[in-house]
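Visitor: I am new to this structure and would like to understand how its terms are applied. Could you show it to me first?

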Amino acid sequence: MDDGFGKIKVIPDHFQVSTPPSEDSLQNRSSPDSQPSTGNSSRSRSSLWSRRKLRRAAFMLNLFSLRGLPWSGADGQEKVQLTAAELESLRSELADLEEREAHLKAQLEHIDEILRSARLSGYLYIRSRWTALPGEPAPIDDIDVDDWLPRFVVLHGQCIFFYLCSTDLSPQDSTLLSDVVEVGPLPNFIREDEGTQYSFYILTRQGLRYECSHVSEVQVDTWLSALRTDCKLGSDVEVPNGS
């Protein structure tokens, strides 16, 4: 009788199939004077163990997406026959997995380093604006324009880093604290489905202004306090209560 798991072909007669017990054997087994036989139970456990082992092998093969591998038997041992192309595919997939593992490890180490050494870090909604140059008209009031994007912001050393997400190994943008000439609060505003947003800005000497917002007023106050301290700026600007 053939047996198989998925697309893996098992050689017939490799596993011994125990025959159903006869009526006489059932009567003998129920007799108090009969002794229990361990032969069938041992063969059953051996067959069950072999089947579990084969299922684990089938799972590993499916894990590497190698479908329908041919099996061959010699002297009661099962072996998988691989062509050169299949072997190369397996090696390639193993290399990809090792590369993926190394990348994930680097991401974890990066996050760990940030959490250990950064003065302050966390997700903020960010948008940027350029201040008007001398002779240019004042920028229009775009407070109602919703172009805020989530960024993972890190205050570390003498820089502010802006990452797309916390697992990125390289920042999307950065600015030196020595280039920051002003930080201060911005009016609160309402975002749909998120409620009140508390915000502040970071102005650089190049005229680039980062506007940052968060649902937590405590988070905004923490960022303002840390930036004013590290950039050696005053705190004489009062936080507005609303837009």
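**Salt bridges and burial**

Guide: The side chains of Asp 147 and Arg 127 form a salt bridge, with 3.1 Å from N to O. This is a predicted model, in which local features need pLDDT of at least 70 and side-chain atom pairs count only at pLDDT 80 or more, while totals for chains, interfaces and linings use all residues. Residues are numbered from 1 along each chain as its sequence is written, and side-chain values use heavy atoms, with hydrogens and water left out.

Visitor: Why is the contact of Asp 147 and Arg 127 called a salt bridge?

Guide: A salt bridge is a side-chain nitrogen of Lys or Arg within 4 Å of a carboxyl oxygen of Asp or Glu, and the N to O value here is 3.1 Å, so the pair qualifies. By this rule the count comes to 8 salt bridges.

Visitor: How do you know whether Arg 127 is buried or exposed?

Guide: Buried means under 20% relative accessible area, exposed over 50%, and partly exposed in between (1.4 Å probe, protein chains only). Arg 127 has 6% relative accessibility and therefore counts as buried, whereas Asp 147, at 30%, counts as partly exposed.

Visitor: What makes Glu 211 buried or exposed, and which residue does its side chain meet in a salt bridge?

Guide: Glu 211 is at 3% relative accessibility and therefore counts as buried; its side chain meets that of Arg 209 in a salt bridge of 2.4 Å, N to O. Arg 209, at 27%, counts as partly exposed. Salt bridges with shared partners join Arg 127, Arg 129, Asp 147, Arg 209 and Glu 211 into one network.
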